Amino acid sequence: MINIFERIQKGEGIFFNKIIDKRFKVNRYAVNFHTDFDELSRSDYAAAAYILSDCCAEYPSHALTAKRLSELYDASISSDTAFGTCRNRVTAFTASAIDNNYVLGKENLEIEICNLIRSCILNPLTQNGIFDGNVTSLMRTELIDTIDSVINDKNVYAAFKANQTAYVGEPMENTINGTRSEAELVTPASAFAAYQKMLKTSRIEIFAAGSSDFAAAEDILGSMFANTERGNIASFKPVPSALKQQPVHVSDTFPMQQGILRMIFKAPALEDREAMTLLSLILGVMTTSRFFQNIREKQSLCYYCSCNISKNMRTLTAYAGVEPQNLKRTEEAVIAELENIQKNGVTAEEIEMARLDIKNQTRSIYDSAASLINWYANQSVFDEYISPEEQCEALLKVDAERIQEAARQYKLDTVYSLSGLSEEVSE
Amino acid sequence: MTEKIYSGVIKETVLKYTSPSGVRVFMLPMAGYSSAVAQFTAKFGSQDNSFSTNGKDFIRVPDGTAHYLEHKLFESEERDAFSLFAQTGAFCNAGTSFDYTQYYFSCTDNFKKNLEILLDFVQDPYFTAENVEKERGIIGQEITMYRDNPGWRVFTNLLEGLYSTNPVRNDIAGTVESIAEITEKTLYDCYNAYYNPSNMFLCVAGNFDPDEVISVCEAHLKSRPAFNITPGAYSEPTLVNRRRTVLQMPVAKPIFEIGFKTPARDGIEGVEDNLYYGILFDILFGSTSDFFETARLKGLLNEEFSVGMFSGRGHAFPLARGESSDPDAVLELIQVELDAFKTVPPSREEFERIKRATYGSMVRSYNNVDSVAGTLTDAALADVAPFASIDMAADASYEKMIEKLTALDEDNAAISIVSSDIQ
């Protein structure tokens, strides 16, 4: 592959990563703050991210920031707070701009967008040493809107509710943004305190990917924390999710027509991450998977039935959109498919199809700057770097025995079902 | 014969070729990329529910037929297409829109074999009473899934509000009742009419050899007598069908979509409408506008608000969508602003800034294989040159945007609202 990954330490717990690939017409940037998960201040961290990407002292309103971005040929800056691979908090600032080769004038977009990222993160709009009150108030309202909007998408809602049972007592029991009542308590001072702690204690991973040589990005972003006080830098290790002694079943109703089933299986002792991947592909991810072929196509139980895994939490989540009367049958069918692999293993043809799928997905990563940043960002807290191709080679070595053994270690932890009927009124 | 079409703006070349079968092929090789995408498209969508072929009597097919056909085309007498693609490692899927149906794959290996599979299965329908019946339950569940989606419902209700007779007002997948009437004969009637090479095109982007595409097309695309398709006529009034639609569903805050009914134009004129209405609405109501800033500070709108243009064969309208505790007030404010801007138009400076942003967003669409293939498909659907949109954006004129502003009737609008409470 032609792209080059280079990683340079820029300070205590601060790393600048660049991926140079001349094919891309758009350059992407990310500044990721990895912090410990702190349940009590999660809404403060979330609000701080909203505030920082909304405006800054240099462009002191959302409209002025947005105007600056449109002057930079529809450049973008956004922030997001999410769980990291170790159930830590990742506050990510991502930005992108077209490469200088494609501007209509003589602008240097790399310098301009990197300066804007730096301004947003290090030079926020403040009043009396804390975040501006009006901006905080507005962002608190938008944070509450985001928290409330979980009911707008029933799949998101079902996942949220299922997590409350599956991960009770763990960070993922609730959303990374906190609850509505927590968000209502956010103040300019509390959000600013979270922001300062984030600057001081985070592991900071900076990425630039695209066709530039990123000399300007390294100069601006790589040195941006040189004068920031740093200490007690967070470090992380994966924590598997605890398996319940007995599976828990939870059923909810919601005003809707189709039901949703989510089943969480856990294997806390399973360390064979590659075997997990192949198992999930064969069980539910591919269109030739057991779930798709047997549960959807042969039994016509649902429109979709799939699964995903968390390698670090060592969980496998099966999910399906089901007619309410078929929820129980689908639950039984999912268990039967996993049990079948536990008892009888997988076929050589299934492994071959999974390997082909893996090769296809691996090489596709190289065709997107965003995918490349995600690839390396997901590994960054472990200080171990493997390329997509190296990961592919490891996956291709997985055999039937390893897949069957992985399947045997998964035990049912939680079954969550959501069903109900809606009433509609039009005028 | 292959024609080369170059854009000095984006510095790319598209190869255009028409196969002996009549299928048009558009190719954009992307040096150094690992993956390739091929999209095989029939200009047959959910709105094509009434037609006559070669002067025969008109046929009215049930709503949802195009989508049903898409599902069934993956099946053959021996093996389904999914399993064939699984043997090559490719990802494949399909999608039905209002005015087209598309089958596609992406792959990093075995491109030639994958293209053969794609062309073969799309040209090899296998519909039986039994397999058509088997799909009914799955599609019924898909329809139910979309009916539970507030975002989809608010959009389809907007289409119903805007249009009285235009078949774009019907849901793409139809209803559980309408698909109950679909038979294998329905599917064959539509397939024979619309999946004709003269009504289809293939777009390929990424890592592939154009000569290989041409040789596969020549070997696998079947020639068929051209069908003369006459779409069923409908008379769509100029004015919107229903100004306000409200649906009760569980949402945190009311969500809304507002559309301004405009005449739908074909070809390069349609591209022009998309570009200039897009720029106009971005200037007046986008994230950089005074309108948005004021409404956001008042708590009337939040970051979910966006504006854009929705268009296809026979339909086109600028729209605004978002969340608000008072969507009707948003509509009223937009109408007042549009009226005011007709007197005091936006500045040239504003136009130049948004023009530049619009151009930048189009450059982005040439940044990865999937979106390049999609851009080629969009141009082919509109029957314009592959780079028509970006070339026009780089050279957009203020005066043309003002023409659009003058022509827009701000009162000819419909609003669709989904709310937990009926207001």
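This is a predicted model: local features need pLDDT of at least 70, side-chain atom pairs count only at pLDDT 80 or more; totals for chains, interfaces and linings use all residues.
Chain A contains 15 helices and 13 strands. With a radius of gyration of 23 Å, close to the 22 Å that the globule rule gives for 427 residues, chain A is as compact as a globular protein of that length.

**Chain A overall**

- Along the principal axes, the C-alpha atoms of chain A fill a box of roughly 60 × 55 × 50 Å.
- Of the 427 residues in chain A, 59% are buried.
- If you take the contacts in chain A with a separation of 6 or more, 80% come from residues 24 or more positions apart.

**Surface and charge of chain A**

- Chain A has an accessible surface of about 16800 Å², and carbon and sulfur atoms account for 48% of that.
- There are 42 positive and 57 negative side chains in chain A, with the centres of the two sets 4 Å apart.

**Strand S12 of chain B**

- Strand S12 (residues 255-260) of chain B has six of its six residues buried, so the rest of the structure largely encloses it.
- In a regular strand, side chains alternate between the two faces of the sheet.
- In S12(B), B:Ile255, B:Glu257 and B:Gly259 point one way, while B:Phe256, B:Ile258 and B:Phe260 point the other way.

**Neighbours of S12(B)**

- S12(B) runs antiparallel to strand S14 (residues 315-323) of chain B, and five bridges join them.
- S12(B) is also antiparallel to strand S15 (residues 413-419) of chain B, this time with six bridges.
- B:Glu257 has B:Arg321 as its bridge partner in S14(B), and it stands opposite B:Ser416 in S15(B).

Notes:
Residues are numbered from 1 along each chain as its sequence is written. Chains are lettered from A and ligands numbered from 1 in the order in which they are written. Side-chain values use heavy atoms; hydrogens and water are left out. Helices (H or I, at least four residues) and strands (E, at least two) are DSSP runs, numbered from the N terminus. The radius of gyration is taken over C-alpha atoms; the globule rule is 2.2 Å times the number of residues to the power 0.38. Buried means under 20% relative accessible area, exposed over 50%, partly exposed in between (1.4 Å probe, protein chains only). Contact means heavy atoms within 4.5 Å. Accessible areas come from the Shrake-Rupley method with a 1.4 Å probe; for residues, only the protein chains shown count as cover. Lys and Arg count as positive and Asp and Glu as negative; His and the chain ends are not counted. The place of a charge is taken as NZ of Lys, CZ of Arg, CG of Asp or CD of Glu. Two strands pair if DSSP finds at least two bridges between them.
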